[in-house]
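Open the model in your viewer and keep the selection panel at hand. The tour goes through helix contacts and then a sheet.

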Amino acid sequence: MMKYTKLSLVLATALSLTACGSDSNNQVDAPTDPSQPDPTQPERSVGWDYVETPFMDLSKNQLEGEVLVTFGIVDNRAHKWLKGLDGSTPSDLNGDGVINYHDVPKEHLNVMDDGSPLPKLTPIAAQDIIDVLETNPDGLGAGTARPDIFKEGNFSVFDLLRYMAVTRADMQFDPGSIVHYTDSDYDTFEFSFSWDRNGDGDFTNDGVYSASKNWHFATNASGGREHDGGNETAYIGHRPYGRMDNYWLRPSMEVRFRPFSDTMTGRRHWVWSQEIARKEANDGKYIVPKVQYFNVMTGQTMVYATDVEVKSFNMLPGVFQEGVIQPLDVFLTLAHEQGMDFSFTYWPIMSSGAVVNTFAMSHNPFSGSYGGFRADVPVRGELATFSDFSYAKPACNFGLDGTPEGQGRLSEEECIAEWASNSLGGPQLNTPDGAHVMMYAPEVVQLQGPVIYHGVVGVEEIDVINDPGTQSDVYITDIKLENANIIAGFDAGDKPRAKLRLLHSATEPVGNSKILDESHFGWKIADCNQCHNEQKNPLGHGGQSWPINYADGFDYPQPYYCSTCHGNNGASDNHKRGARCFWCHNNEGEMSVPNHGDISTNIIIPGDELVTNRRTIFSTQPNDDFSPRFFEELSQNVNNDYSFSRTFPEPYACVTCHK
């Protein structure tokens, strides 16, 4: 996987609201009462006091773009081979020094449960979902079937299944099988579903796909352009224990609908019954019994809050009805009411094209700042389920009915098929705190840390705020700086070598230099070279002596170096992040960085120059059969984990000016 385009931290540009008026309007506005809210401004939740990114009006939101959907059970043979779960002894077949998906033999690549090839994900236009469901085609509601949770134009995964059932002739909710959530013992839509998989028009002869009450879903969040329009179809998906009609359907989400075993269904039902019993025991109050921190380095678990009555901070008012609680509300409650040092950032559409548009934790009082971008994913649920899913063979230490005290135990085959996978599930899902709904309080919410990110990404994170002494050796080319610290990375050849280090913008005059202010004609234009170069006036420096960082090995002007004498030219404050700014601040979308020279455009990198194509210790996105797929080329920002801008190398240049 091309890890450098995964999610990362928002660093530089602050969003601003601009009021426009007319000089010819002589009307004097009446004075406003400062004690009363301004009706012309969006309502600002107090939760924003704990968000490092600038306030944004999120009161308008609806499903946009497309979602990706597929059906059926995958035989995850590749994972079984890699973990020896099928009796195999995995080995380094390609001789690159590691055992991973590049080594999986062809006969062990993934197929469907009947041995057929994996089907591609089908893109469904969001507007089609909106248009179909607003007609209330199945009598379950015009729009979402859960208007108590979602605002108009927003939907659950259950709503997507509704859409599929009314638009495909080979799928149906079995007649009379739907139990409305208001009549359900579990406060969710219950149903029996059938898929005419063999296409013979008969809904009764398709095995586990016929008249089953075990249908649920697996999902992956948006993967961005790396997924190449939905061709990455071999995923197994995260397997939530949550209610399908509570799970927020988000743009570019990948959803696999499939029937599970009776035991998996029973396990979910047991979780739901515990949640409902907890609410009743607490007289309807939303109380989380334990909030924990698990130190992955020491293996120790610390309980730092008990019996937390969680408040909704309504941070996504355009998506959820007021009062809906999300995982981030647990930590906002602790920050607001108990003074604990939690903070969040808002993740937009990332540089990879991955659609996030929600909040993720960026700091906690135990492991501190995550430096770059870590979508902290708390584990939440019933404590008994915390070991249900495993990358190896899970314990499956519950009865055949899914309850801890139930009779019988699963066969090894079913345990591996349902709970052992290369994906997450149950109480832990790899999506940020603001992407989920928790209508019922879980028994435990647990943070895990500290984050050691380079072990996952394969590149040491350059965090110049938490580690201001960090330096990077680079090779200088005509279009970028190549990271010389990467093992088996770029070919040094005869390229000049230089060093990147954190510089500091001047706040007081240095020698005869002038600290720039609002009177500067280029105020807040980051790229000094747009105006100050050898062809344009005013030349500055007598037209001869341009400020160049020769001491670190450079022989051309760099605007952030100019700031060491002339100040930061009005650059906005950052938001406590000092790494992987490029994950959000690229050359497209709301977080773009105009007037920043070469980082305001993309470059095309051919496959033979892509470092990740050579670093086979890490898996790339797989082909349809789960064999590794390499990129022929990639369009990306010049700043990434492997290369840097020549003039605005990130994060050094960013933190120099954006303090």
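Begin with H2 and H3: select Asp128, Ile129, Val132 and Leu133 in H2, which meet Asp159, Leu160, Arg162, Tyr163, Val166 and Thr167 in H3. Contact here means heavy atoms within 4.5 Å. The residues of this contact divide into six nonpolar, one polar and three charged.

This is a predicted model, in which local features need pLDDT of at least 70, side-chain atom pairs count only at pLDDT 80 or more, and totals for chains, interfaces and linings use all residues. Residues are numbered from 1 along each chain as its sequence is written, and side-chain values use heavy atoms, with hydrogens and water left out.

Now show H2 (residues 126-133) and H3 (residues 157-167) whole: their axes come within 10 Å and cross at roughly 75°. The two helices are therefore roughly perpendicular to each other (65 to 115 degrees; under 35 is roughly parallel, over 145 roughly antiparallel and the rest oblique).

Next, select helix H4 (residues 262-281) and helix H6 (residues 412-419), which pack at an angle of about 60° with their axes 10 Å apart. H4 and H6 are therefore oblique to each other. Thr263, Met264 and Arg267 of H4 make the contact with Glu414, Glu418 and Trp419 of H6.

Finally, go to the open sheet of four strands, ordered S20-S18-S19-S23 with antiparallel pairing. Two strands pair if DSSP finds at least two bridges between them. Its edge strands, S20 (497-501) and S23 (643-644), each pair on one side only. Zoom in on Glu482: its bridge partner in S23 is Ser643.

Conventions
Axes fitted to C-alpha atoms, helices over the stretch in contact; angles between N-to-C directions. Nonpolar A, V, L, I, M, F, W, Y, C, P; charged D, E, K, R; others polar.
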